[in-house]
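Trainee: Could you take a close look at one thing for me, namely how this one is packed on the inside? I'd like the cut-offs spelled out as you go.

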Amino acid sequence: MKRTTSIGGWTICAAGIAAVLLSSGPVAAQNARNKGTPSYNPYPPGILPGDLNSELERVLREVDLVEGRALARWHALAASGVRGQPPTLQNTGTELIETLGELMNFDRNMSPNRNEACMSCHMPYSGFSGPIPSVNLTIIAYPGTAHFRVGKRVPQRHTYAPFFPVLQYNQTQGLFFGGNFFDSRATGFLLRNPDAEQAQGPPVDTQEMGFPDAACVAFRLTTAAYRPLFEQIWGAGSLNIKFPKSTEAICDTPGGASRFHGSATPIPLTAEDRIKANEVYGHWGQSIDSYEQSVQVSSFSSKFDAFLAGKYKMTADEMAGFKLFNGKGNCNSCHLDGRGTSMSGQDISVAAQVNPLFTCFGSANEGVPLNPRDAFYYQTTADSYGFIANPYGFGYRDLGLGTFLRSGFGSGPNPNSMWNKYAPTVDGQMQVSTARDVAMTPAQCPTTEAGSTPYFQKAFFHNGYIKSLKQLVHFYNTRDKYAYPVTSGHCPPGTIEKVTCWPMPEVKNNIDMTSGNLGLTDKEEDQIVAFLRTLTDGFTRPYPNMDTFTGKCMICDPAKDPNCSPSRQGNGSLIPTPPLPPCAAAICGVPPVPSSPIP
Amino acid sequence: MNTLQFKVAIGITIIGLLSSNPMRAQVSPTTPKAPSGRIIQGPGIETSKPFLTIIRWTTDNPGGSPEHYGVVHYGGDPKNLREIAKSPIRLNPDHASTVFRVRLDNLKPGTTYYYTVGSMEANGADDGTTSAVQKFTTSSEARTP
């Protein structure tokens, strides 16, 4: 078996050399490209974290390291011959396509400035979510290839995303299931694979990797070191596209630039070559999906998996948390754990499956408050390319699935007009992410929770308002008990935001009322957190590339910092929400309009 | 079994697990509809604030679709409950009872409201559990802007 989770010395050596080779050229190229292009900085002082540039550079070095390891693994694989019909790469085909997906995911050249890979926002050590603690603490979304355009949501974990089905509306249940992204806009309608279509999003997202044309992916693949692997898998000649001379300059320019006049396909390809480029982009998504579904990413190797196999005995707190998760906490009504739910605390059900995914593939509006630290609200002016990310400023409201069904601002085209009428019933809903790996952190920062030990700051929910797992559970437990009609940063005197005060929801329509006043004690909240930690992969065998984190853990002193606790974590970074203008007509005025006005 | 064989065995096991169809077991099931439902606790006022009122009650598990709605018909005239509020909850198939909670936003302060509660499946099918008319009076405290 060629796949190993331990890297031999020769591999590290080869990876190191490859990383050096990879990192030297592109950085120089990036600097050259950025020369003379002023940074876009519409942000008030204090919005961007102070270490942003050095942290972005740090992550790029880590990305290059993993890319080097993947190159080494590819070169170490035995030759694979095509056999049979349908043609199959015998023996090593699976690992080859998974490796191709990994190489693509960690390829920084897949951005105009060659400074951003998919994994720049999704490193393994954070459960394939945001890798920069200071970003998770503040602006929550990650800068794109054009600094500093920034997205609007937390990078959603890639782990187990490939298991979501094609988005469907279940007529019997009256519910949407499946898709990828928080708003489910990667439906899988064409590739029949939402995760593959998710992988097609960021490369052409103006605030992420930022190509102006999806064909730029095919163009850059023609010069990729792993081009032979792509052609081995997807066919010789699959990248033979006649790109015009203007292609390089076009693909070096971030999407949304005024010079493109709104065109989504500025590369002038023939109809035949456009079809080829689109096919390549489909293969891009399918290859990345292969990697993300592999045991490299979705590995079912947690303590909980060992527990299900009878090979791990939970601690008393973990077991108590598990029972609360199923019972009083009611968490598994959405984060399905393959078992039933019992308010008595006694699990009387039969295990329904051996690999529960801790999601129901559905969506819900949990009533999360608007997070004024989200960098998206401040990108109201044009950058040097003439692009404006958010002309509505604080008039933007994230309606999630509702906006997608309307093909609305900030989402994608809805491929099924029959779904449009359901938009008012799902306004504010975001995808129920798997609870697996929610607590994953680098080994040197062993927890997500602030306190007496070094920790790795993460951000939870779509807008990163929640900063610790304790807060997350406390929110579900007390959202309605401590509800106040204020916005973040304006909790009344005598209350503490996120402890005894929850600001009003960003979207009050369709709020899920399963939770909000669960009656959990403080200890019970902690026990659920203890259980959530058992869902971190890497217990039964090493989790690949967990060793790549080279940043610093967060450290605070509970004796000196009142916010150095899981309950108040991040409160030192709260800022007062400005007076909110009404929801922009381009969002809340698109028919079918929300069932009740959204302030 | 040497290390390589062990890794192969583990790999095959994992691939087997992954290649099974997890979707069928993963999606919440639609459970058989309960033959008759009844309210076993409430309804009552869980939260009464100038900007938010939450009405809560508990029923036998009604069965049916995994998403349900608590529905409150309310108004100032007990014979004419013209307003409707509904809030979604997730049903637990193996749960003996189900808690419904419904939000009523921005009611008038110092006002007496009459209401009845009920519930339905996501497709609108009624659960057959309707309460008698109840009443409550909102706080006279001015709303916080």
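Mentor: Let's start with chain B, whose elements run α-α-β-β-β-β-β-β-β from the N terminus on. That gives two helices and seven strands (DSSP runs, H or I of at least four residues for helices and E of at least two for strands, numbered from the N terminus). Bear in mind that this is a predicted model: local features need pLDDT of at least 70 and side-chain atom pairs count only at pLDDT 80 or more, while totals for chains, interfaces and linings use all residues. Residues are numbered from 1 along each chain as its sequence is written, with chains lettered from A and ligands numbered from 1 in the order in which they are written.

Of the 145 residues in chain B, 33% are buried (20 or more other C-beta atoms within 10 Å of a residue's own; 12 or fewer is exposed, in between is partly exposed, and C-beta atoms are placed from the backbone). Among chain B contacts with a separation of 6 or more, 63% join residues 24 or more positions apart (contact means C-beta atoms, placed from the backbone, within 7 Å).

Now the cores. The largest nonpolar core has 140 residues, and A:L100, A:V217, A:A218 and A:L532 touch the most other members (a core is a set of buried Ala, Val, Leu, Ile, Met, Phe, Trp, Tyr and Cys joined through C-beta atoms within 7 Å). Helix α2 of chain A, residues 52-76, supplies the largest share of this core, eight residues. Apart from it lies another core of 17 residues, including A:I511, B:V99, B:V102 and B:L104. Back to A:L532: leaving out residues up to four places away in sequence, A:L532 touches A:A435, A:V438, A:A439 and A:L469.

A:F211 is buried because 27 other C-beta atoms lie within 10 Å. Beyond four places in sequence, the contacts of A:F211 are A:P112, A:P203, A:V204, A:C216, A:V217, A:C251 and A:G255.

One helix pair to finish. The axes of α11 (residues 316-326) and α15 (residues 522-533), both in chain A, come within 7 Å and cross at roughly 100 degrees (axes are lines fitted to C-alpha atoms over the stretch in contact, with angles from 0 to 180 degrees between N-to-C directions). So α11(A) is roughly perpendicular to α15(A) (65 to 115 degrees; under 35 is roughly parallel, over 145 roughly antiparallel, the rest oblique).

Definitions and conventions
Two residues are in contact if their C-beta atoms, placed from the backbone, lie within 7 Å.
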